[in-house]
Amino acid sequence: MLHISKHNLLSLLTHASSSWQVFCPSKQGSTVNFGWFEGTVDTVAIPVNSCKGAFLPQTEELFTYRGTPETGLSLTGGFDGQKPVLIFFARPCDARALTLLDRVFLEGEYADDRYRSRRARSVVVTVGCKSPLDTCFCTAFGIGPDSKAGSDVFVYEDETSLYFEPLTEGGAGFVAAHLAYLAEGGTPVSVMEELRRAELPLAGRIWVEGMAEMLDSMFDHPVWEKMSARCRGCGACTYLCPTCYCFSVFDAPRGTHGKRYRSWDSCQFSDFMLMAGGHNPRPTRKERVRQRFMHKFNYGVKRQGDYLCVGCGRCIRACSVGLHAASALFDLKEAGR
Amino acid sequence: MNDLREQLKEAVASAFSQGRVRSFVCLERGFYPFATMPAILHSGSDADRVEIGLADAPLLAKYLLDMPKPAGIVVRSCDALGVSRLIRDRRVKREDLYIISISCPGVVDTAKIPMSMHRITALEKAGDALIVHTALGPTELPWSSVLLDRCLACVSGAASTDADVVLDDGRGKPPAPVDYSEIDEVEHMAPDERYAMWEKEFAKCIRCFACRNACPACSCRKCSLDLPEPEWLSRAVILPEQFMFHFTRAYHVAGRCVGCGECERACPVGLPLMKLNRKFTRDIETLFGVDDARIPRDVEVLGTFLPDDPEEFC
Amino acid sequence: MKALLIPGLARIESVRDETAAGDVKTFTVQFLDEKDRFDYMPGQCAMLSVIGVGECMISITSSPTRDRMQFSVKKSGRVTSALHELEAGHTVGVRGPYGNGFAVNEWRNKRLLFIAGGIGLAPLRSAINYCLDNREDYGPIQIIYGARSPGDLCFKDEIFKNWPGFPETQVQVTVDKGDESWNGPQGFVPSFLKEIAPSPDNAVAVTCGPPIMIKFVLQALSELGFGDEQVVTTLELKMQCGVGKCGRCNIGHKYVCVDGPVFTLSQLRALPAEY
Amino acid sequence: MSLDWQPKIVGFTCNWCSYAGADLAGTSRMSYPASVRIIRVPCSGRINPVFVIRAFQRGADGVLVAGCHPGDCHYSTGNMYARRRFLIARRFMEYLGMDPARLEIHWISASEGQKFQEVIKNMTDRIHAMGPNRKMREIL
């Protein structure tokens, strides 16, 4: 297998960044976050945010306009010619989450042109998870430390080196373009074995089998009231979630010109569904928390054919009051018995 | 510690049985058995769920806003300041509250337990140490090395006296003065360096409003930042708007921040929000001769003035 | 590939005040660039932009059988208020068509009952004109319409002059409270409907209006013997994208923007009551 | 920076003193740089420091806040509150990395047309020397 010494990783990425937009984890102040490569990379920590921002940026311009409705308008806002995206060091949960986002943005009658153009030529390099955190429960969703779904290259990490296993044509292309940095030989057998054996401490407590069907009859269950009582109504869980994708569209007028943007939005915000006339179908935190988890564990299954959760545990780390996918799955299971 | 918990359970149960409260906010065991989370109780029979909160204990004051009154609350001294804040901001009435104050030895921040010690099964305080139980056996860490940042500027570990029931086991953490050296560091930077530092920090902000929603001084029913019109803050998460947001948030709580640090604890991306809040706190203390600006007062620092306030403008 | 969220620019050809209070206006628009023009079916919607203010989802009130696209808009929020400020010759953005529209092909040879309140006639108007323009394909058409006051009635030319002139077409209008000029029926739409008591035989009932009206109309229809499959309504929820991506307008796992806005009552009964 | 670059200064002036002072400068034909755009507010106590940030965001190179002299407020004490606020707000802006020289606060009475003229002249010169503000600035 082709491999690279960890010392040389930075030079590989620096080289890669001339023809790719590299999205990787790096230390930012007190945390490790995914972001565009700026000369540093952190291959150890699991970033607090997900890599969805590489394809669905938190804020992006849809167009710039000049003029006014009264005097006439012109819109400009082409979107092309960008370098392809390289996700460098997704985790198996991240890679799998991208395949779920693909179902939302690429399938059906309306594909999203911006998402598609970023995603089309992207390469996702995923590293096997040797030390899952206390918050990891990907195995509940059929993912594991060595899962390859959604990845173009899979990387095995031992003490000194990273071993590259290309999985797709795109992945092979990426590896081929960086042969100068890679040495031939060796198979990280023990790492492979370690990944197969890696245990997730939460695995025994989380159970999703039959959850979607069970929730069909739980829309009016009192458990939602109980779960949502502690919710603070912020959007941390949704913004850091690798499979949440809701957005809003808004204008920023500046006299006779301006922009239209789209930005992430969160179903946990009170005005998410507030209509012009003042009607709000989800007026309290109960409805909003229910929407979040029903979307993940019931609506998503009906619409996208799978749970919209990959067990990455980011909401567990994000929530300051312990209301997250794992606690929800646990509470719902108890309530649905 | 257990004694305190037993006393607390009893006090909560009797608040219900005496008809003093219709609801009670306290901590209960979280999804992770060693951490706690907020619980809103509606009957005395739930009092068994009450926990003291050794680790990752959220502050509870703000839950009072939406609870059926009269409402009960269990507070540590830092949380008591938040309650006091809400009372002075006329969000809740003191006579609608039933306050049980407890002493507090500090609260563990599980994020400060080294990664290598994960797979925690239980946490235990033993004297000046935290014992972390994992599958591999117990490890001792110095108590002071694992406390939440807010405990490092503890207003008082003793139970607050403005309470209907005071439960103090005498093991409260000694108060610690606010350490302003972090503020000094920032002030000593060159302006461009300072700007670059904040730019980098604010670039991480995802605008989830966890800080605002956790803050006992941010208690408006409808935040002006959520209004589409006038648009004080656009939804665009771009740097100028990040400065706008963080300036507005910090300025809005200037003179009212109780220093509880719950904003910083709630921030999922680790922004040093107290570095912003404390800058105001310190300037208010030095410019207006206020002693410990964290303590809520009947008259807001920025809701009043003195004729001989410093005159820098001409 | 067509950009998903970018509107085409259109010129407002005319603006017509529908109501005495001026809170409902009908805008006739023409795309500036032929490539932005789109075909649509009755009951479908489009995202209407006042560039610099925002977008909102508005049902297309014109029938595809007529040559100009029209939107009737009630002034209620930020965008619709801005739209009301615009005049003929001004520019708006339009993208669409969105939503499923009415199943006009399944309605062939059936008796059609349209029940609308206030601005709720706007989406039905598209279907009504479509069916009238293909008159021979459909059975008798009965239109029951109500508004708060005579001044609040929309499309007066059509309800009083044009539509009743078609064969086998009946228009019955009520107002909650009349004035000195009004000598027609008074009362709420649901009770008016019960008085008229149309037969459910081989009929489809299509209703749109304020939520409270819809609620009681649905009750009245089932009292009259209409089955859930025979009753059709069109819904409105907050929308940002119109294409099932922004995650906002869902009722259960259905999105109003792509799976609706038109639902049969039996479809609605299978969904959580969160709208 | 081009040679003929002129700074943009947003001046928030209170209705009763400073705006009148600016007016007096005008009617007395005292010339001052056209760099200043005046926004009249009822009282310096109305000026939320957030306005200042917004001005910088939307292209101001300098911001002037002006009100009645302490003791002379039309509403008796509005400017005293403003003084407290801007004492801390300006320090905070500096803490975030803004150059405090870009925000000036002055007490200008209705009779001080000349003072208004001097303030604008001096401020324009200083900011001209500093160059355009790029911090917190929106590119749109």
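Among contacts in chain C (heavy atoms within 4.5 Å) between residues at least 6 apart in sequence, 68% link residues at least 24 apart. The model is predicted, with local features needing pLDDT of at least 70 and side-chain atom pairs counting only at pLDDT 80 or more, while totals for chains, interfaces and linings use all residues. Residues are numbered from 1 along each chain as its sequence is written, chains are lettered from A and ligands numbered from 1 in the order in which they are written, and side-chain values use heavy atoms, with hydrogens and water left out.

Of the 275 residues of chain C, 61% are buried, that is, under 20% relative accessible area with a 1.4 Å probe, protein chains only. The C-alpha trace of chain C spans about 50 × 45 × 35 Å along its principal axes.

Turning to the pairing of chains B and D, 43 residues of chain B are in contact with 35 residues of chain D. The buried area between chain B and chain D (accessible area, 1.4 Å probe, lost on being put together and summed over both) is about 3800 Å², and carbon and sulfur atoms give 66% of this area. Phe247(B), Phe305(B) and Phe313(B) supply 21% of the area that chain B buries against chain D, more than any other three residues.

Charged pairs also feature here. Between chain B and chain D there are 5 salt bridges, each a side-chain nitrogen of Lys or Arg within 4 Å of a carboxyl oxygen of Asp or Glu. One salt bridge joins Arg91(D) to Glu312(B), with the closest N and O atoms 2.5 Å apart.

Definitions and conventions: Buried area = accessible area lost by both parts, 1.4 Å probe. Buried < 20%, exposed > 50% of the residue type's maximum accessible area, 1.4 Å probe, protein only.
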